[in-house]
Amino acid sequence: MTAYIIRRIIQLPITVFGVTVLIFLMLQVLSPAERAALYIKDIPKNENQIDRVIKRYGLDKPIHIQYINWMFGTTDQETGQRVGGVLRGDLGYSRTGREPVIDLLLRRFPATLELAIWSFVPILGIGIWLGILAAVNHNKWFDQLARLFSIVGYSFPTFVFGLLALMLLYAKTGWFPPGRLSDWANQIVLAPAFVQYTHLNTVDALLNGRFDIFLDALRHIFLPIITLSYLSWALLLRITRSSMLESLRQDYIVTARSKGLSRRDVINKHARPNALIPVATVGGLTVVGLLNGVVITETIFNYPGLGSAVAVAAVSLDVLTVLGFVLFNASLLIGANLVVDVLYALLDPRVRLG
Amino acid sequence: MENAISTINLSRRDGAFVLPEPSGLERLLGPEWARILRGLLTNPLSVLGSLIVLLFLAIAFLAPTLAPPVRLNADPYNIPRDGFGPTPKAPGAEWSRGAPPLPFWYEPITGKSEWVHLMGTTSGQFDIFYGIIWGTRTALLVGILVVASSLFIGLIVGSLSAFYGGFIDDVLMRITEIFMAFPFLLAALTLSAILVPLIGRGIWPSVIALVAFGWMTYARVLRGDILTTKERDFVLAARTVGAQDNRILIRHVLPNAIFSTMVLASLDVGAVVLSFAALSFLGVGTDIGYADWGQVISFARDYILSLDTYWYIIVFPGIALVLFGLGWNLIGDGLRDILDPRMRGKDS
């Protein structure tokens with residue numbers, strides 16, 4: 001077991017290295033002048049300035065030196081200071097955010113995190129529950145209905161679903177507005193009397209004892225949660241269902257049944273724990289789905305998180321912001337995969353011992 | 001469900017076991033295809049899916065008749081516009097200027113002699129009906145292009161990896177994993193954002209981006225299939241008669257390994273089109289006014305507060321997209337059951 005985890009942790013930096021190389025290569029598609037223009041904050045871009053930046057950041061050097069500079073930073077010949085360097089947290093300057101990329105990412109992160117936390121629980125809970133119910137009622141009407149729900153679910157593009165939800169539940173009825181907070185709530189949150197412990201509005205509101213703000217935050221986050229969840233439900237339902245069906249066919253189920261256990265106990269104690277092993281992998285995939293879905297979902301609902309920032313950046317060809325976000329996400333993702341692998345090993349003795 | 005045993009059903013005749021005569025279908029298509037076709041035709045959901053896909057094929061084929069272009073020599077993929085006003089027009093509003101020629105079916109069905117905006121207009125007065133009809137061609141073209149190219153790359157990577165093994169296998173599979181470490185949509189978004197200034201707007205930036213981050217699954221699945229096929233007796237037989245690597249790979253291993261991957265890949269057309277529409281929706285794909293469903297829906301973003309009035313901007317292209325995805329997924333769902341070896345001969 002320990003050896004397995006250690007092996008996985010040793011592989012981690014190799015994958016991260018590969019990801020940075022790939023991102024760096026994507027950046028190389030642009031010419032030195034274009035890349036220099038990405039670093040210049042002021043709008044008037046004259047030739048001299050661009051040449052200076054090319055020199056300053058070594059954008060005309062051989063590609064492997066550029067990569068090392070990009071990763072570790074280089075010494076600025078004009079001021080003698082260290083500049084740049086992804087590992088030093090310098091991801092460049094965000095043209096659309098008008099601040100360094102890393103600041104933009106950190107400032108927007110709590111909103112996305114709040115959305116992800118709120119979505120994760122209903123996704124896993126309801127998705128797995130539906131999948132198990134469908135498998136237990138194999139080929140009965142509930143199963144057919146769940147199957148149809150699942151197929152329709154992953155045929156429904158996120159942006160169509162989100163816009164339809166807005167049409168019905170906001171434009172028509174005014175129940176669930178877009179954005180993150182209403183104006184009045186926003187003023188209270190930004191006032192000094194309101195302490196922002198975590199920058200997660202729902203949590204902060206409870207910690208400050210402001211139940212009205214908690215409800216307002218919930219009202220705004222509700223539609224994004226549903227939009228993020230339904231696609232994952234479709235996927236989870238499908239995987240849980242087939243895994244549970246597989247597990248219900250095993251000999252040990254017959255054994256458990258024939259020694260007189262009730263149907264309920266057989267399902268809950270024998271079939272379900274084994275069926276949930278592959279679902280752990282899907283839990284990791286769900287994180288991927290959230291990160292993917294967040295770009296479109298946040299854009300539609302005008303939710304000020306990482307996703308909407310990166311969508312604006314991509315459309316305005318603000319490459320540094322997009323790449324910074326991809327790097328940020330890839331690191332999160334690799335971390336999540338590691339956790340899933342370890343979890344997998346803990347759950348399944350065949351992996352642990354094999 | 002049709003099970004594998006019954007297709008090679010042995011029957012006893014004159015005291016000896018003989019293979020049954022192949023049916024007409026099997027003689028025409030071969031046993032594998034016949035089994036797939038029979039499985040599809042007996043599952044009502046896949047029949048529904050096939051009908052939907054056929055409907056879209058018909059629409060794409062008949063596009064010039066269903067929605068005739070305004071001028072014959074102009075690019076038909078640019079949606080004709082009825083002025084430049086910002087306020088969308090409701091379905092049924094008449095063309096105020098530059099109406100396209102009337103197709104022959106129009107008068108008998110509607111009883112009107114004036115061409116109207118059948119599904120309304122977006123802001124900027126792009127005709128939604130035209131966008132949806134010609135958008136079907138865009139969707140099919142993009143879907144087939146992306147799937148075929150991804151499959152081709154996956155084929156090369158997967159077969160090199162599996163056939164040579166060892167160091168090559170390790171390197172190629174690590175590269176595949178690195179590509180998989182990116183969230184798909186984001187990676188495609190990034191790459192197409194980078195490509196737009198280089199090769200201009202249009203379908204190509206998104207197509208290239210979707211291929212660049214879409215080949216990995218095929219490579220991995222094919223690698224697995226080739227690894228098992230490689231161990232089979234006919235490969236050993238070919239080797240003993242002195243066939244060379246290339247010949248063994250191309251003539252013996254690939255045709256036997258590629259089958260299920262190809263069938264499943266063809267059904268990714270639906271998913272690919274949904275991703276392509278998402279990229280267009282975010283604004284990194286085609287030019288404004290290009291006949292493409294995601295592009296048409298993206299007009300709704302400016303009217304979120306009054307979507308109940310301008311519902312047609314989202315509902316019509318939305319239905320097109322959902323139906324398209326649903327059609328392919330319904331076939332796919334049925335096929336997965338037919339092709340899944342674990343499901344063969346079981347009652348699901």
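Of the 348 residues of chain B, 43% count as buried, a residue being buried if 20 or more other C-beta atoms, placed from the backbone, lie within 10 Å of its own. The structure is a predicted model, in which local features need pLDDT of at least 70 and side-chain atom pairs count only at pLDDT 80 or more, whereas totals for chains, interfaces and linings use all residues. Residues are numbered from 1 along each chain as its sequence is written, and chains are lettered from A in the order in which they are written.

Chain B contains 16 helices and two strands, taken as DSSP runs numbered from the N terminus (helices H or I, at least four residues; strands E, at least two). The C-alpha trace of chain B spans about 80 × 55 × 40 Å along its principal axes. Among contacts in chain B between residues at least 6 apart in sequence, 72% join residues at least 24 apart; two residues are in contact if their C-beta atoms, placed from the backbone, lie within 7 Å.

Within chain B, the axes of helix 6 (residues 128-164) and helix 9 (residues 204-212) come within 9 Å and cross at roughly 35°. Axes are lines fitted to C-alpha atoms, for helices over the stretch in contact, and angles run from 0 to 180 degrees between N-to-C directions. The crossing of helix 6 of chain B with helix 9 of chain B is right-handed, that is, the near helix is turned clockwise from the far one by less than a right angle. Helix 6 of chain B contributes V142(B), L145(B), V146(B), S149(B), S150(B) and I153(B) to the contact, and helix 9 of chain B contributes V207(B), L210(B) and V211(B). By class, these residues are seven nonpolar, two polar and no charged (nonpolar: Ala, Val, Leu, Ile, Met, Phe, Trp, Tyr, Cys and Pro; charged: Asp, Glu, Lys and Arg; polar: the others, Gly among them).

Between the chains, 43 residues of chain B are in contact with 41 residues of chain A. Helix 8 of chain B supplies the largest share of the chain B side, twelve residues. This side of chain B has 32 nonpolar, seven polar and four charged residues.

Apart from neighbours within four places in sequence, A188(B) is in contact with A209(B), L210(B), F213(B), S275(B) and L279(B).

Terms used. Buried ≥ 20, exposed ≤ 12 C-beta atoms within 10 Å, placed from the backbone.
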